[in-house]
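Here is a friendly walk through one protein chain. Please have the sequence and the structure open as you read.

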Amino acid sequence: MRHPSFACAIIAFCLGLWGLTGPSMWVDEVVTADLATRSTRQMMTMLSQVDAVHGLYYLIAKGVAELAGQAGEAVLRLPSVVAITAACAGLAAVGYRLGGRGVGLAAGLLFAALPVAAQYAHEARSYPLVAMLAVAATWLLVRGIQDGGRRWFAGYALVLALMGAFNLVALSLVAAHAVTMLWTRPARRTALAWLAAAAAGGLATLPLVLIAYPQKGAVAFVPAPALRGLWTAMCGLAGSAVGAVALVALIGAGVWHDRGRKVGVAAVALPWMVAPSVALLAVLPFQSLFLPRYLFFCVPGWALAAAMGIVSLRPAPRVVAFAGLAALLVPANVAARANDAKPMDVRAAADVLNRHARAGDLIVYVPRWPRLMWAAYPGPGSRLRDVTMRKSPRRAGTLVGLDARTTKVAERLDAGRRVWLLRIGDPSGEVERLQRIRREQIRAAGGYAVAGRWRFTGARVTLFERPIPWPVR
């Protein structure tokens with residue numbers, strides 16, 4: 001097995017399986033689990049209103065869940081593990097073409113070992129698939145430049161269209177490839193073939209753009225980019241500030257060592273790292289799209305450049321650099337697989353309700369999306385009566401359902417004896433405001449006192465109970 005892709009694939013797959021069900025699902029994964037258990041018609045009705053950009057991924061998740069007969073953590077995260085494995089193998093192939101076996105092996109292994117790769121391998125979302133397709137598109141680009149065959153660009157157009165179908169933001173990879181084309185200056189025929197393929201791939205996603213544009217309010221929460229945020233993202237990529245500095249140093253060494261080559265690592269990796277973010281600046285006046293998960297497809301470029309930096313060293317320093325970087329990455333890899341690795345521990349909250357809920361109990365969700373969590377964590381808690389819901393998400397054809405009127409909420413609380421208040425998410429802004437409203441509604445019903453509290457990462461469960469007997473009206 002002289003080609004490095006095989007070894008990288010085996011190691012990446014084993015790393016992906018390690019701790020697969022360690023972290024709890026968080027909000028985005030809960031949405032995936034819920035939609036994977038809806039009917040196709042219910043899903044399409046919802047996608048006509050929001051999240052159309054993730055529609056293809058939801059259909060894949062639904063197929064996987066139906067094949068497995070459930071929508072649990074391991075089942076829905078397995079496609080992400082496979083995608084990261086394929087991305088590592090593909091990146092090794094890219095490195096092999098650009099710098100030889102050593103660069104390919106180092107690039108694939110380094111990408112597999114990055115804590116951010118573990119984070120997304122253990123997440124039931126589309127971002128690992130997008131990264132896999134970004135690697136495939138880059139490999140096809142490199143083959144097209146080196147070999148000059150049009151067949152490579154035909155495949156490139158197909159991969160680009162598929163990548164855009166999973167995540168429209170990933171089409172900014174074309175900006176990186178444009179810089180690579182300018183850097184390498186291939187034959188005019190090759191340049192025109194790439195230009196036609198890029199245009200075809202982009203135009204194929206136009207129907208999705210037209211559907212998704214009216215839904216742009218779903219990303220209104222994304223903040224504008226800041227230098228501090230960039231540093232935070234880099235630390236998250238490498239697992240620590242020291243790891244980020246070491247990674248940047250290796251990247252600098254790799255780019256410097258490879259600077260003289262026309263079709264080399266620097267010509268591909270450097271634009272891959274930077275150009276998509278620069279391209280997003282063009283749409284910043286209209287909408288900020290700078291979220292680390294949206295740009296995860298750029299991370300293979302970082303690994304490729306750092307791999308060149310490692311290989312450029314003499315044998316003894318090369319071993320020290322690789323071992324030192326591995327030592328820096330181990331603690332972050334362990335932390336990425338911990339139970340509280342995600343921003344919120346939905347599993348722990350669901351477990352409390354499944355163990356302690358009684359028949360006839362009521363529940364109030366803050367905000368509304370936690371009512372979807374029972375697709376991932378089924379149990380007795382799913383049968384609690386949702387005080388604030390007028391129509392379920394599936395019946396309403398919406399993501400989180402429709403709320404009941406305030407008077408109806410008051411009537412339901414007035415008729416109960418025990419009510420659970422579940423708050424998941426950062427207690428600030430809209431979540432905090434809604435929590436105050438719900439607590440006030442419970443107090444206004446009269447007689448309810450706190451009977452239990454449970455606290456977890458990003459989640460709070462509170463049980464309110466009336467004394468027995470209580471004059472229920």
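## The model and its overall form

This is a predicted model, in which local features need pLDDT of at least 70 and side-chain atom pairs count only at pLDDT 80 or more, while totals for chains, interfaces and linings use all residues. Residues are numbered from 1 along each chain as its sequence is written, and side-chain values use heavy atoms, with hydrogens and water left out.

The chain holds 21 helices and seven strands; these are DSSP runs, numbered from the N terminus, with helices being H or I of at least four residues and strands E of at least two. For 473 residues, a compact globule would have a radius of gyration near 23 Å, and the 25 Å of the chain agrees with that. This radius is taken over C-alpha atoms, and the globule rule is 2.2 Å times the number of residues to the power 0.38. Along its principal axes, the C-alpha trace spans about 85 × 50 × 40 Å.

The accessible surface is about 20600 Å², 65% of it belonging to carbon and sulfur atoms; areas come from the Shrake-Rupley method with a 1.4 Å probe, and for residues only the protein chains shown count as cover. Of the 473 residues, 52% count as buried, meaning under 20% relative accessible area, with exposed over 50% and partly exposed in between (1.4 Å probe, protein chains only). Among contacts (heavy atoms within 4.5 Å) between residues at least 6 apart in sequence, 77% join residues at least 24 apart.

## Nonpolar cores

A nonpolar core is a set of buried Ala, Val, Leu, Ile, Met, Phe, Trp, Tyr and Cys residues joined through side-chain atoms within 4.5 Å. The largest one has 130 residues, of which F111, Y156 and L304 touch the most other members. Helix α8 gives this core its largest share, twelve residues. Apart from it lies another core of 15 residues, including V409, L413, L434 and F464.

Which residues surround L304? Leaving aside neighbours within four places in sequence, the contacts of L304 include L91, V94, G95, L98, V103, A107, V265 and W272.

## Helix α10

Helix α10 has twelve residues (173–184), which should span 16 Å at 1.5 Å a residue, and its end C-alpha atoms, 17 Å apart, agree with this. The expected span is 1.5 Å times one less than the number of residues. Buried in α10 are L173, A176, H177, T180, M181 and T184. Seen down the helix axis, these buried residues fall within an arc of 145°, so they line one face of α10; the arc is that of the directions from the axis to the C-beta atoms. Their cover includes α8 (127–147), α9 (150–166), α11 (188–204) and α15 (265–281).

## Loops and backbone

Most residues other than glycine have a negative phi, and most peptide bonds are trans. R185, which follows α10, has a positive phi near 50°. R185 lies in the loop between α10 and α11 and is exposed, at 65% relative accessible area.

D51 also has a positive phi, near 65°. The loop between α3 and α4 holds D51, which counts as buried at 15% relative accessibility. A52 is found in the loop between α3 (40–47) and α4 (55–68), and counts as buried at 11%. Beyond its neighbours within four places in sequence, A52 contacts L47, L208, I211 and Q215. A52 and Y213 are 161 residues apart in sequence, yet 9.4 Å apart in space, C-alpha to C-alpha.

The peptide bond from V366 to P367 is cis, with omega near -10°. P367 sits in the loop between β1 (362–366) and β2 (385–386).
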